[in-house]
Amino acid sequence: MIAPNRAAKLPDDQRIVITGLGLTSPNGNDWGTFRNALLEKQSGVQPYEIRYFGKTLAGICDFEQTRYQSRKDLRRGTRAGSVGVYCANEAIKRSGLDWDNVDKSRVGIYVGVTEHGNVETENEIHVIKGFDYDTSCWSHHHNPRTVANNPAGEVALNLGVTGPHYTIGAACAAGNAGIIQGAQMLRLQECDLAIAGGTSESVHTFGIFASFNSQNALATHENPTLASRPFDIGRNGIVVAEGGCLYTLERLSDAKLRGAEIIGELVGYAINTDATDFVLPNPERQAQCIHMALDRAGLTPDEIDIVSTHATGTTSGDSQECIALRDVFGNSQNTRINNTKSYIGHAMGAAGSLELAGNLPSFRDKVVHPTINVDEVDPDCDLRGLVVNEPQESKRVDYILNNSFGMLGINSVVIISRFQ
Amino acid sequence: MTPAEIRDEILDILEDISPDEDLDSLDDEKAFRDQLELDSMDFLDIVMELRKRHRVQIPEEDYGNLASMHSTVTYLEPKMKDIVKS
């Protein structure tokens with residue numbers, strides 16, 4: 001018997017369910033492979049080299065780009081667009097929707113991004129450098145590639161979707177923010193199907209590596225697979241990753257009508273703002289955000305079975321999140337806490353939606369994947385319920401709470417329920 | 001460059017901007033648009049590539065000369081005759 005939540009009392013046309021998902025991650029290009037990699041403790045971090053910055057580490061995706069796009073579309077578009085096209089098509093396939101007969105004017109595309117346009121702008125500057133900065137050699141493709149809606153717009157072009165499409169710029173809280181936006185639009189009847197989540201192409205901009213490095217927040221390790229180590233005493237920063245995860249979200253009434261398999265239900269969410277610093281997180285506001293999501297869901301902390309943390313492997317960021325988690329879950333007896341960035345690095349705009357996807361199979365197999373690469377837990381991060389290095393079986397997995405936080409103090413939380 | 005070399009160069013550019021097309025059966029007398037899926041952005045790619053590769057400038061009023069392979073080579077011949085193919 002699942003603990004009651006507030007969303008379950010809503011009419012079916014206000015209840016939002018996940019009916020499909022498609023993803024690409026540095027350690028898997030489909031949901032099953034990704035999940036297995038997490039249970040088998042397979043890292044996706046590898047050596048990487050990018051112009052100007054040089055050698056570093058990154059989480060790189062190797063999905064089949066031409067599965068859903070022509071080579072011409074790939075040339076014209078962006079990596080973020082390509083990630084989104086792949087994830088959206090995979091999600092639709094997984095959802096079992098009769099896509100040919102879906103009213104495309106009633107589909108909305110809501111893609112969370114940390115940033116967009118840096119990759120393409122750096123590319124053009126590199127090109128014109130070869131022509132003594134002659135701007136007449138600057139590509140006419142630059143504007144359509146760098147408009148902020150590009151990662152969602154390429155999905156719309158590929159799928160023939162004529163409903164709304166846009167990106168949600170929410171730093172590294174964007175994956176959750178995309179899901180929340182999709183749910184809100186469904187509740188407002190603005191669309192009948194939302195393709196929502198987050199994507200990232202950030203490994204293709206040297207600037208993100210250089211900036212984290214200048215901030216002393218870029219991870220280094222002689223063994224790439226051990227570099228991303230949230231909560232470990234020896235952690236030294238972020239491993240930048242690319243990736244994407246988009247969900248098909250539907251109103252429960254529509255999902256039931258077509259007999260869809262329901263992966264989970266969005267029963268609570270919240271977004272708030274620190275308003276205290278450009279980069280340093282504020283645990284008090286993070287805790288408030290988690291409490292808000294719990295209150296909306298009508299759940300107590302102890303009723304959350306898995307907390308999927310945001311922790312990125314920075315010294316201060318992980319400690320700050322742990323203050324918030326201790327505040328909310330310090331007395332929880334049943335809550336287990338894990339982290340997925342330890343496997344794949346920080347997939348930026350995709351992080352929230354990807355990390356959630358890594359945990360959703362726990363509704364069925366009741367196994368909680370661990371945070372890996374922890375040789376010694378930092379005392380500041382020694383949380384009750386932290387699942388370290390080995391998967392744990394749980395008697396019950398009914399509720400998963402997913403944290404995703406970002407620069408400029410944006411915090412996002414979603415709570416997904418097992419559907420019964 | 002000779003007209004044949006200019007044609008090869010245009011083919012090379014088309015292979016780059018339209019990699020899914022079969023260019024072996026291209027009819028030089030027929031308009032590109034009647035044989036290939038090219039839009040205005042693709043034609044701008046041809047202009048851009050000629051600028052980048054050979055510093056050949058094509059003013060907008062001359063874009064109509066790029067309609068077919070034959071008209072393109074004819075138009076480019078005086079502009080590219082002194083360029084040595086690398």
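A:Tyr133 counts as exposed in this predicted model, because 10 C-beta neighbours fall inside 10 Å, and 12 or fewer is the cut-off for exposure. The residue sits in the loop between H4 and H5 of chain A. A:Asp132 lies in the loop between helix H4 (118-129) and helix H5 (142-146) of chain A. A:Asp132 is not a glycine either, yet has a positive phi of about 55 degrees. A:Asp132 is exposed, with 7 other C-beta atoms within 10 Å.

Strand S14 (residues 410-417) of chain A presents another setting. Eight of its eight residues are buried, so the strand is largely enclosed by the rest of the structure. In a regular strand, side chains alternate between the two faces of the sheet. Both faces of S14(A) are covered. A:Ile410, A:Ser412, A:Val414 and A:Ile416 are buried on one side. A:Asn411, A:Val413, A:Ile415 and A:Ser417 are buried on the other.

S14(A) has strand partners. Strand S8 (residues 264-273) of chain A pairs with S14(A) in the antiparallel sense, over eight bridges. In this pairing, A:Leu266 has A:Ile416 as its bridge partner. Strand S13 (residues 399-406) of chain A also runs antiparallel to S14(A), joined to it by eight bridges. Here A:Ile400 stands opposite A:Ile416. S13(A) and S14(A) form a hairpin with three residues between the strands. In that hairpin, A:Leu408 takes a positive phi near 65 degrees.

At the level of domains, chain A is divided into domain 1 (16-257) and domain 2 (268-417). Their C-alpha centres lie 21 Å apart. The contact takes 58 residues from domain 1 of chain A and 51 residues from domain 2 of chain A. On the domain 1 side, the elements giving two or more residues are strand S1 (16-24), helix H1 (31-39), strand S3 (54-59), strand S4 (107-113), helix H7 (174-187), strand S6 (193-200) and strand S7 (243-251) of chain A. H7(A) supplies the largest share of this side, seven residues. By class, the domain 1 side divides into 31 nonpolar, 21 polar and six charged residues.

Contact between chains was examined as well. Eight residues of chain B are in contact with 10 residues of chain A. The chain B side of this contact has four nonpolar, one polar and three charged residues.

Note on methods: Residues are numbered from 1 along each chain as its sequence is written. Chains are lettered from A and ligands numbered from 1 in the order in which they are written. This is a predicted model: local features need pLDDT of at least 70, side-chain atom pairs count only at pLDDT 80 or more; totals for chains, interfaces and linings use all residues. Domain bounds come from an automatic or database domain assignment. Two residues are in contact if their C-beta atoms, placed from the backbone, lie within 7 Å. Helices (H or I, at least four residues) and strands (E, at least two) are DSSP runs, numbered from the N terminus. Ala, Val, Leu, Ile, Met, Phe, Trp, Tyr, Cys and Pro count as nonpolar, Asp, Glu, Lys and Arg as charged, and the others, Gly among them, as polar. A residue is buried if 20 or more other C-beta atoms lie within 10 Å of its own, exposed if 12 or fewer, and partly exposed in between; C-beta atoms are placed from the backbone. Two strands pair if DSSP finds at least two bridges between them.
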